[in-house]
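Please look at the sequence and the structure below.

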Amino acid sequence: MKTLFLQAPSFDGFDGGAGSRYQAKREIKSFWYPTWLAQPAAMVPDSRVLDAPADEISVEDSLKIAEGYDLVIIHTSTPSFPTDAKFAELLKARKPNVLIGLVGAKVAVDPTSSLTASPAIDFVAREEFDYTCKEIAEGRPFESVTGISYKLADGTVQHNPPRAMIENMDDLPFVAPIYKRDLKISNYFIGYLNYPYVSIYTGRGCRSKCTFCLWPQTVGGHRYRTRSAANVLAEAKWIKENMPEVRELMFDDDTFTDSSNMERVHEIARGLGAMGWTWSCNAKANVPYESLKIMKENGLRLLLVGYESGDDQILHNIKKGLRTDIARRFTEDCRKLGITIHGTFILGLPGETKETIDKTIQFAKEINPHTIQVSLAAPYPGTSLYKQAVENGWLKENEAVNLVNDKGVQLALIEYPHLSKQEIFHGVEKFYRAFYFRPSKIWEIVKEMLMSWDMMKRRLREGVEFFRFLRAHEA
């Protein structure tokens, strides 16, 4: 079947959204690559990936494009599901015989309600959906495809047996050729990455058990299944030769630097260094100095590090597997080696108080990553955090659909007897102001701008967007 893999247009004008479609406005407008759609698209001949939000394609124009396909597979999430279902209904009204399927964490954990929410949805894919999409595109009957749920003629929902996890990750084709074929590379911008960048996965799953993290608990699993170093380097070489405008490679694995994986990381790093790559990756704040040194000497520029909190009890509560003293030592090691850090923090996790918010802000100022992102604890269905929040009365069941408001701003949904939603929500702008509006940090950013006209233009644009974000958050 002629197949379209679609990031549906946003009716609400949201921007950005990470690869797993945490659809919300960012502090700085940003777009991640739709890797989870590009991967199955690479397995389906004559398919197309359409990233409507990144391309700023309207609902009407997206419908016109989608009408030309027999099978449309939409990547959805909890906050985007209502508008994704609405798009499916509009498409079905125009082309009744089109087959529409949804993929993503939301439908993986809640297939029955997802299917029954709209008559326009023909099937949903659970677990990893690469081969599922391939088999459906080949025209296989639903009953023979593992890992899907669909409606029978009488309206009841049929759940086929689960699909086995992919074990040999090298069997999957490269995603970069799909990026080049279907996407506008210039649309993808992340404030802390060199522009233009490309992000790919070198493996799936994460051994960490963080209670809030969505994809390891829903789609990817907790076993870290990796591509071989040779396979990763082959794709890096393809990008270097075929996408020469790319200035940075980002490895988007949940934790590329998992301790079980360091020899492979060293091999990949040395291969990237030999090719002259500048690269970045996600990392836990516990990578040994010796490994950081090898990575830095071979082109590593930046680590995206999830610190989450400056309070050890909260880190214990969320099963982070990390202490603040280890994070401090790791950060100092990075500073010595000249590795830039983009640090991420979360407010409103179990154990949060007014005092721990202040403690985390002080911790962030002391370790001083180059840039930060502050998020609100997001209780996505399917996570341990969601279950814990419902059981303890911190969240009303089925309220998670309200993770963002109608302007796309992330909302605080969890609240505690001693700490209101409003106090947690407004902790975000307090955090940003305390961190960035310091003379030392302002001077650090000014120096960076003075060194490069491109950086000057970039930071000025980001500054305008950042102040707009703060105003929206205060409203």
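**A parallel sheet**

S8 and S11 run parallel and are joined by four bridges; strands here are DSSP runs (E, at least two residues), as helices are runs of H or I of at least four residues, numbered from the N terminus, and two strands pair if DSSP finds at least two bridges between them. The model is predicted: local features need pLDDT of at least 70 and side-chain atom pairs count only at pLDDT 80 or more, while totals for chains, interfaces and linings use all residues. Residues are numbered from 1 along each chain as its sequence is written, and side-chain values use heavy atoms, leaving out hydrogens and water.

Val 198 has Leu 249 of S11 as its bridge partner. Leu 249 also stands opposite Trp 279 in S12. From S11 the chain passes through helix H11 (residues 262-275) to S12, a right-handed β-α-β crossover (with the strands pointing away from the viewer, the path from the first strand over the helix to the second runs clockwise).

S11 (residues 248-251) and S12 (residues 279-283) pair in the parallel sense over three bridges, and Met 250 has Ser 280 in S12 as its bridge partner. In a regular strand, side chains alternate between the two faces of the sheet. In S11, Glu 248 and Met 250 point one way, Leu 249 and Phe 251 the other, and all are buried (under 20% relative accessible area, 1.4 Å probe, protein chains only).

The open sheet as a whole has six strands in the order S8-S11-S12-S13-S14-S15, with parallel pairing. Its edge strands, S8 (197-200) and S15 (371-376), each pair on one side only.

Definitions and conventions. Buried means under 20% relative accessible area, exposed over 50%, partly exposed in between (1.4 Å probe, protein chains only).
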